[in-house]
Each structure stands twice: as C-alpha cells, then as structure tokens.
Amino acid sequence: LKSMGFVDKLLVITPLSTVDAVWVRDSQNATPHLTIGTLLGSKVKRTKVIVEDRHDILVINHDGCKVVERPLIDWCKSHEVMTVVDEATAIAKYDTQRSKTIQHIFGASKRRYVMTATPVVQSLLKAHGLLVAIGNNTDFPRAFTHFKQEYFVPEGLQRWVPKMSSFGKIQAMMSPAIRLNTPDLIDLPENVVMHRWPEMTP
C-alpha cells in the first residue's frame, strides 16, 4: 500500500508481549527498508518518538495508547496512516476506556484493520465492539441495545441468540476488515502423529 501511494505510515497496536518479540522482529526481517519505532516507557519517551517522526512504522501496546492519545491522533492526521489492531478482542467491549481511545485513533486513520483469530469469543454479541471500532458501515447500529434488538432474539431472561439471518449480515458488515472465510486462512501442514513409549521406573 505504501509503494502504491495509498498510505505512508503504519501504526500497530498490539499486546505488550508482542511489540518486540513479534512485530519489531518480523518487520525488520520482512521490510528491512522501512524504519520501525516502539512507543514504550514513559509518556515523555513515547511522545518524543512520535514528535520526532523518523519512522515508517510505529508499534505500541493496547493500554499505552491512552498515555499518548492526543499526540498519536495528531500524528495520524498529519499523515496517510494505516492503523492495525492486533489481538482485537482487546477492544471487543466497546464502552471501555481502551476501546474508546483506539476508536479515536481509528477515526484519525486513513485505513483501519483489526486482526484476531477469534473475532467473536463466546457470543456473536461480542462482534459489536469490533464493528464500532471498524466503523466501515454507516447502517450499523452503534448503540449496543439497538444492535442486540435488531440481530438477536431473547431466549429466557439473560440469554440472547442470533436470528437465522444475522450470521451473514454481521459477517458482511465486518468485511473486509475482518475476513471469516476459510479460504482466506493460511493452510496448515498435515498433522504428525508420533507414538512414544517411555520406560517406567520399577
């Protein structure tokens, strides 16, 4: 996308444990021609990296976004930024401070994507928070109560189950930011079965 002129910067929001171990390491291997900076440590240190604006890619942890929310939003507005949220179930509950902060950053970004192997954990109701964050469908009901009443039916006092037509509709609203189709997934190698017979002590 950068080479085609669609974006000029990338912001990655990811769990703290994967900032260096995954994103920095893999970016250096896959795109050695791009510079990458991490937004970790104190507010002053994080802000300095943003203001200096010397990197093509910035990586920050989910909860670190609130610390430098304003500088990040200003940085996004001053560039053509693609923002990617890794392990996006962290923002599945749309009314948390973490989710609201990332929604604000998304709003200042030209392109936004979320990454998760489990977009709807436990219940399809959890899709609401991701749909609010993605924000690529103007017909989507942002109010949780409206969303629940439109796509679900009550089953008993506490349980809500999806209407028969809801699966396809919600999947369509998530696309293309979230792809749920099996052909889009990476093929995995065949399972290897190994039998081991350990010796038991007398």
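Student: Which residue of S4 is the bridge partner of Leu10?

Tutor: In S4, Leu10 is bridged to Met82. The model is a predicted one, in which local features need pLDDT of at least 70, side-chain atom pairs count only at pLDDT 80 or more, and totals for chains, interfaces and linings use all residues. Residues are numbered from 1 along each chain as its sequence is written, and side-chain values use heavy atoms, with hydrogens and water left out.

Student: How many helices and strands does the chain have?

Tutor: Helices (H or I, at least four residues) and strands (E, at least two) are DSSP runs, numbered from the N terminus. The chain has seven helices and seven strands, in the pattern β-α-β-α-β-α-β-α-β-α-α-β-β-α along the sequence.

Student: What is the order of the strands in the open sheet?

Tutor: Strands of a sheet pair through backbone hydrogen bonds, either parallel or antiparallel. Two strands are taken to pair if DSSP finds at least two bridges between them. Here five strands form an open sheet in the order S2-S3-S1-S4-S5, with parallel pairing. Strand S2 (36-39) and S5 each have a single partner strand and stand at the edges, so one side of each is left without a neighbour in the sheet. From one strand to the next, the twist averages 20°; axes are lines fitted to C-alpha atoms, for helices over the stretch in contact, and angles run from 0 to 180 degrees between N-to-C directions. Helix H1 (residues 19-30) packs on this sheet and touches S1, S2, S3, S4 and S5, with a direction about 165° from that of S2. Contact here means heavy atoms within 4.5 Å.

Student: With which strands does S1 pair?

Tutor: S1 pairs with strand S4 (residues 81-86) in the parallel sense over five bridges, and Lys9 stands opposite Val81 there. S1 also pairs with strand S3 (residues 57-61), again parallel and over five bridges; in that pairing Val12 stands opposite Val59.

Student: Which residues of S1 lie on each side, and are they buried or exposed?

Tutor: In a regular strand the side chains alternate between the two faces of the sheet. A residue is buried under 20% relative accessible area, exposed over 50%, and partly exposed in between (1.4 Å probe, protein chains only). Lys9, Leu11 and Ile13 on one side of S1, and Leu10, Val12 and Thr14 on the other, are all buried.

Student: Where is Ser109, and is this residue buried or exposed?

Tutor: Ser109 is in the loop between helix H4 (97-107) and strand S5 (111-115). Ser109 counts as buried because its relative accessibility is 7%. Its side chain reaches the backbone oxygen of Ile105 at 2.8 Å. Leaving aside neighbours within four places in sequence, Ser109 is in contact with Cys76, Val81 and Thr83.

Student: Why is helix H5 described as largely enclosed?

Tutor: Eight of the eight residues of H5 (residues 127-134) are buried, so the helix is largely enclosed by the rest of the structure. What covers these buried residues includes H4, S5, helix H6 (144-151) and helix H7 (166-174). After H5 comes Gly135, whose phi is positive, near 60°.

Student: What share of the residues in the chain is buried?

Tutor: Buried residues make up 39% of the 202 residues in the chain. Among contacts between residues at least 6 apart in sequence, 57% join residues at least 24 apart.

Methods: Polar contact = N/O pair within 3.5 Å; in protein donor to acceptor, adjacent residues only side chain to side chain.
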